[in-house]
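Subject: Structure handover

Hello,

I am passing this structure on to you.

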Amino acid sequence: MASAVVVGASVAGLLTARVLSDLVDDVVVLEREHLIDAPAARGHVPQGRHLHLLLTAGLGLMVDWFPGIREELEGLGAVRIDGSRAWVYQAGGYRAQGDWGRAALSMTRPLLEQVLRRRVALLENVRLEDGVAVDRVEVSDGRVSGVVVDGVSRPADLVVDCSGRSSRIAHQLASSGILAPPVSQVSIDCAYTSGFMQRSTDDFEGTFLVCGTSPPTSFRGGAVLPVEGERWMVTLAGVHGDLPGITEGELLSFARGLSSPAVGQLLARAGPLSSVAVYRFPFSQRRHYEKTRQLLPGFVTLGDAACSFNPIYGQGMACAALQAEALGETVRTTGVGSPDLPRLFHRRAARIIDAPWAIAVGADFMHPMTVGPKARGTDALNRYVLRVVKATHTSVPVARSFNRVLNLVEPPTTLIRPSVLGRVLASSLPGPHRPAPVHHPRVGPPSAVQADG
Ligand SMILES: Cc1cc2nc3c(=O)[nH]c(=O)nc-3n(C[C@H](O)[C@H](O)[C@H](O)COP(=O)(O)OP(=O)(O)OC[C@H]3O[C@@H](n4cnc5c(N)ncnc54)[C@H](O)[C@@H]3O)c2cc1C
C-alpha cells in the first residue's frame with residue numbers, strides 16, 4: 001500500500017493532497033496550526049490578510065480537481081472578474097477593456113483556503129491532521145522514509161514539503177549538507193498594507209481597479225478588488241523602503257501618489273479602511289532543486305518552499321497548483337516510490353517556475369535598488385514588455401495575450417508571436433496625433449464631482 005505525507009495544509013499542501021489522492025492509497029496532510037472551519041486569517045499564513053487574486057491557471061486546475069468549486073465560491077460571495085469592465089492602469093494608461101480570456105475569481109484568501117480544506121476533507125483516502133508540527137524528515141539508506149513528529153516516526157513512501165517559504169525541513173536538510181540546492185534571492189523589500197471597505201456599485205462603475213507599477217516613474221502599486229461580504233479589499237504596495245504606512249493619513253497620502261488617482265479618490269470618499277494589516281516581503285527566493293545533482297528519493301518540495309515571488313504579481317497559488325499537477329503527472333509515470341521521481345518532478349517544476357520567476361523578478365530589476373542574480377537579456381525583455389503594456393492601452397488582442405501570460409495560461413514567448421509583435425510595433429510607431437487623454441474611472445455616484453487627481 002503506497003502512502004504519502006504532505007507537510008503543510010495551506011494552498012500548496014491541499015492541492016498536492018488532492019492530486020496524490022488519485023495516485024496513492026493513503027495521503028496524510030500534517031499542519032502545525034489548529035484549523036477552524038471558518039474563513040479566518042491564520043497566524044502562520046499572515047499573507048492571508050492581503051489581496052490574493054487567484055490567477056486563471058490556478059482556478060482552472062481547481063475547477064478540474066474539485067467540480068463545482070467555482071459555483072461554491074461564488075455562492076459564498078466570490079466575484080467573477082474579467083476584462084469587459086476592468087480598470088487596470090499601467091505605464092500611462094488603462095488596458096483596453098474587452099475579452100481578455102477566461103474570468104478570474106476574486107475573494108479573500110481565507111475563504112479560498114476554507115473551501116479547499118472542506119473539499120479535501122471529503123476525499124476518502126486523505127486525512128488532514130492539524131496541530132501537528134513536523135520536526136524533520138527521516139533519512140535512512142539515502143532516502144526519505146517518513147517524517148518525525150514529537151520524536152515519533154511517521155513512515156511514508158513519499159514526503160512532500162509544502163511548508164512554505166521558511167520551510168524548516170529545507171533549512172535542516174541544507175544545513176546538515178544532506179540536500180543543499182543552490183538558492184537565488186532577489187531583493188525587493190516589498191511592503192503591503194491592506195484593509196476592507198464597504199463596496200459600492202457606484203465605484204469604478206461596479207467592477208475593480210488595479211494600478212500597477214509604472215517604471216521608471218512609479219514603483220507603487222494599488223488595487224481595489226471585490227470580495228465576499230460586499231466588500232472592497234484594498235491593498236497598497238511599495239518597494240525598497242517606500243512604505244504605504246498604516247494610519248489613515250499615511251494610506252491616503254500613499255494612495256494619492258499612485259499613477260492613477262482613483263484609489264486615492266476612493267479612500268478620500270469612503271475611507272478609512274477596516275482591519276488594516278501590514279506585511280513585509282524582503283526578497284523573492286528560489287531553491288533550485290533542478291540544479292541539484294543528488295536529490296533525495298522519497299522527497300520533493302513544492303509551492304513557496306520551492307519558490308516564492310514578489311507577491312505583487314499574484315502568482316504564488318497558481319504556480320503551486322501547476323507544480324501539484326506536474327507532481328501528479330510525474331508520479332503517474334514513475335510510481336510514488338521511484339528514485340527517479342524527485343529528479344523528473346523538479347525538472348518539470350523548474351520549467352513551470354521559470355515563467356512566473358521571469359515575470360516577477362525580471363520586472364523587479366527595473367528598480368535600481370534591486371539586487372540579485374539577473375538573467376541575461378532582462379533589460380531588453382523589460383523594454384519590450386513596456387511596449388507591450390503600452391500597446392494594451394489600445395489593442396484588446398494584445399491585452400488578451402498579455403493577460404493570458406500574466407495569468408500563467410500562456411508562456412511569455414507568446415508575446416513575440418507575429419500576431420502580437422505586429423500590433424505592438426504598430427502601436428509604438430510615431431503617429432500624427434497626440435495620444436487621447438486618459439479617462440479615469442468614476443468614484444462615487446454618477447453626479448459626484450472628482451475633487452482629487
Ligand atoms: C503579501 C502577499 C500577497 C500575496 N498575494 C498573492 C496573490 O494575490 N495571489 C497568489 O496566487 N499568491 C499570492 N501570494 C503568495 C501565496 O500566499 C503563496 O504562494 C501561497 O500561500 C502558497 O504557499 P504554500 O502553500 O506553499 O505555503 P504557505 O501558504 O506559506 O503555507 C505553509 C503551511 O505549512 C505549515 N507548516 C509550516 N511548517 C510546518 C511544519 N513543520 N509542520 C507542519 N506544518 C507546517 C504552515 O502552518 C502553513 O499552513 C502572496 C504572498 C504574500 C506574502
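Please keep in mind that the model is predicted.

The sheet is open and has five parallel-paired strands in the order β7-β2-β1-β11-β17. At its edges are β7 (126-130) and β17 (299-301), each of which pairs on one side only. From one strand to the next, the twist averages 20°. Three bridges join β11 (residues 158-161) to β17 in the parallel sense, and Val 159 lies opposite Phe 299 of β17.

Around the ligand there are 38 residues, of which Gly 8, Ser 10, Gly 164, Gly 303 and Gly 316 come nearest. Two or more residues of this shell come from each of α1 (11-21), β2 (26-31), β16 (274-287) and α8 (316-334). The largest share, four residues, is that of α8. By type, the shell holds 19 nonpolar, 13 polar and six charged residues.

In strand β14 (residues 221-227), seven of seven residues are buried. Side chains in a regular strand alternate between the two faces of the sheet. Here Gly 221, Ala 223, Leu 225 and Val 227 point one way, while Gly 222, Val 224 and Pro 226 point the other way.

β14 pairs with β13 (residues 208-211) in the antiparallel sense over three bridges, with Leu 209 opposite Val 224. The antiparallel pairing of β14 with β15 (residues 231-238) runs over seven bridges, and there Gly 222 faces Leu 236. Three residues lie between the strands of the β14 and β15 hairpin, where Gly 229 has a positive phi near 80°.

Regards

Key: Residues numbered from 1 in each chain as written. Predicted model: local features only at pLDDT ≥ 70, side-chain atom pairs only at ≥ 80, totals over all residues. Pairing = 2+ DSSP bridges. Axes fitted to C-alpha atoms, helices over the stretch in contact; angles between N-to-C directions. Near = placed C-beta within 6 Å. Nonpolar A, V, L, I, M, F, W, Y, C, P; charged D, E, K, R; others polar. Buried ≥ 20, exposed ≤ 12 C-beta atoms within 10 Å, placed from the backbone.
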